[in-house]
Amino acid sequence: MARLRPVEAIAGSADVRAAVTSWISWLGSERRSSANTLAAYERDIASFLSFLTAHLGKEPGLADLQALRAADVRAYLAHRRGDGLQSTSLARALSAVRGYFRFLGKRGLVSNPAVTGIQSPKLPRAVPKPLTIEGAGEALIAAAESAEEWIGLRDVAILTLLYGCGLRISEGLGLRRQQAPFGSSLVITGKGNKQRLVPVLP
């Protein structure tokens with residue numbers, strides 16, 4: 001599980017750091033973000049505040065965040081691009097910054113539409129490629145060819161379940177024995193603790 005850093009390790013005034021802690025806590029409790037997502041967002045905000053410290057010549061306070069221009073945030077993104085970040089990571093970094101500023105706005109601490117209104121960099125659109133029927137069959141045959149019979153049976157069962165119900169891997173592995181799909185449908189609890197009904201194909 002990803003670890004969060006001590007708040008003292010984040011640049012910024014005490015109220016800025018306290019707001020980061022509150023925001024991360026809110027994401028975990030209200031948005032039910034995963035530990036990895038929380039750690040990634042905290043890294044992004046820590047990186048942003050560290051950049052601002054060098055950019056402004058001092059650790060930023062709430063008043064400094066209030067005074068930021070869109071050009072300051074674009075300078076940060078250019079800096080991260082120079083570090084070798086790809087567009088997807090840049091988009092997440094900007095999402096973290098905008099999310100933090102929206103949180104500050106809701107708490108009445110900072111209102112800066114110049115920051116929250118910045119558009120994300122364009123991302124290449126990757127379309128998922130579903131398995132063909134033949135490809136699914138080949139995957140099942142390969143899974144069955146395990147050195148130990150029980151492992152082959154287990155893997156075939158899991159792959160059949162994922163393919164036949166359209167599940168994510170984490171959803172399939174998270175099922176309990178009492179949820180065995182013996183009927184024509186299955187209730188799945190997915191991301192954000194949201195439930196959906198999926199058909200069970202023969």
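Q: Where is the place of Gly-192?
A: Secondary structure here follows DSSP runs, numbered from the N terminus, with helices (H or I) having at least four residues and strands (E) at least two. On that basis, Gly-192 sits in the loop between strand S1 (185-189) and strand S2 (195-199). Keep in mind that this is a predicted model, in which local features need pLDDT of at least 70 and side-chain atom pairs count only at pLDDT 80 or more, while totals for chains, interfaces and linings use all residues. Residues are numbered from 1 along each chain as its sequence is written, and side-chain values use heavy atoms, with hydrogens and water left out.

Q: Is Gly-192 buried, partly exposed or exposed?
A: The classes rest on relative accessible area, with under 20% called buried, over 50% exposed and anything in between partly exposed (1.4 Å probe, protein chains only). Because its relative accessible area is 41%, Gly-192 is partly exposed.

Q: Which residues does Leu-90 touch, not counting residues up to four places away in sequence?
A: Contact means heavy atoms within 4.5 Å. Leu-90, which lies in helix H5, counts as buried because its relative accessibility is 4%, and beyond the excluded sequence neighbours this residue touches Leu-77, Arg-80, Arg-81, Leu-85 and Pro-121. The C-alpha atoms of Leu-90 and Ser-120 are separated by 8.1 Å, although these residues are 30 apart along the chain.

Q: Is Ala-70 buried or exposed?
A: Ala-70 belongs to helix H4 and is buried, because its relative accessible area is 19%. When neighbours within four places in sequence are left aside, Ala-70 is in contact with Ala-114 and Ile-118. Its C-alpha atom is separated by 51 Å from that of Glu-134, 64 residues along the chain.

Q: At what angle do H1 and H2 pack?
A: Axes are lines fitted to C-alpha atoms, for helices over the stretch in contact, and angles between N-to-C directions run from 0 to 180 degrees. H1 and H2 pack at about 160 degrees, with their axes 10 Å apart, and that makes them roughly antiparallel, where angles under 35 degrees count as roughly parallel, over 145 as roughly antiparallel, 65 to 115 as roughly perpendicular and the rest as oblique. The contact joins Val-16, Val-20, Trp-23, Ile-24, Leu-27 and Gly-28 of H1 to Leu-38, Tyr-41, Glu-42, Ile-45 and Leu-49 of H2. These residues divide into nine nonpolar, one polar and one charged, with Ala, Val, Leu, Ile, Met, Phe, Trp, Tyr, Cys and Pro taken as nonpolar, Asp, Glu, Lys and Arg as charged, and the others, Gly among them, as polar.

Q: Which residues in H1 meet H5?
A: Helix H1 (residues 14-29) and helix H5 (residues 87-106) pack at about 100 degrees, with axes 10 Å apart, and are therefore roughly perpendicular. From H1, Val-16, Ala-19, Val-20, Ser-22, Trp-23 and Trp-26 meet Ala-96, Gly-99, Tyr-100, Phe-103 and Leu-104 in H5. By class, this contact has nine nonpolar, two polar and no charged residues.

Q: At what angle do the axes of H2 and H4 cross?
A: They cross at roughly 110 degrees and come within 10 Å, so H2 and H4 are roughly perpendicular. Asp-44, Ser-47, Phe-48, Phe-51 and His-55 of H2 make the contact with Asp-72, Val-73, Ala-75, Tyr-76, His-79 and Arg-80 of H4. Here the classes are five nonpolar, three polar and three charged residues.

Q: Which residues touch the most other members in the largest nonpolar core?
A: A nonpolar core is a set of buried Ala, Val, Leu, Ile, Met, Phe, Trp, Tyr and Cys residues joined through side-chain atoms within 4.5 Å. The largest one has 36 residues, of which Trp-23, Ile-45, Phe-48, Leu-49, Leu-65, Tyr-100 and Phe-101 touch the most other members. H1, helix H2 (35-56), helix H3 (62-67), helix H4 (70-82) and H5 each supply at least two residues of this core, and the largest share, nine residues, comes from H5. A second, separate core of nine residues includes Leu-162, Cys-165, Leu-167 and Ile-188.
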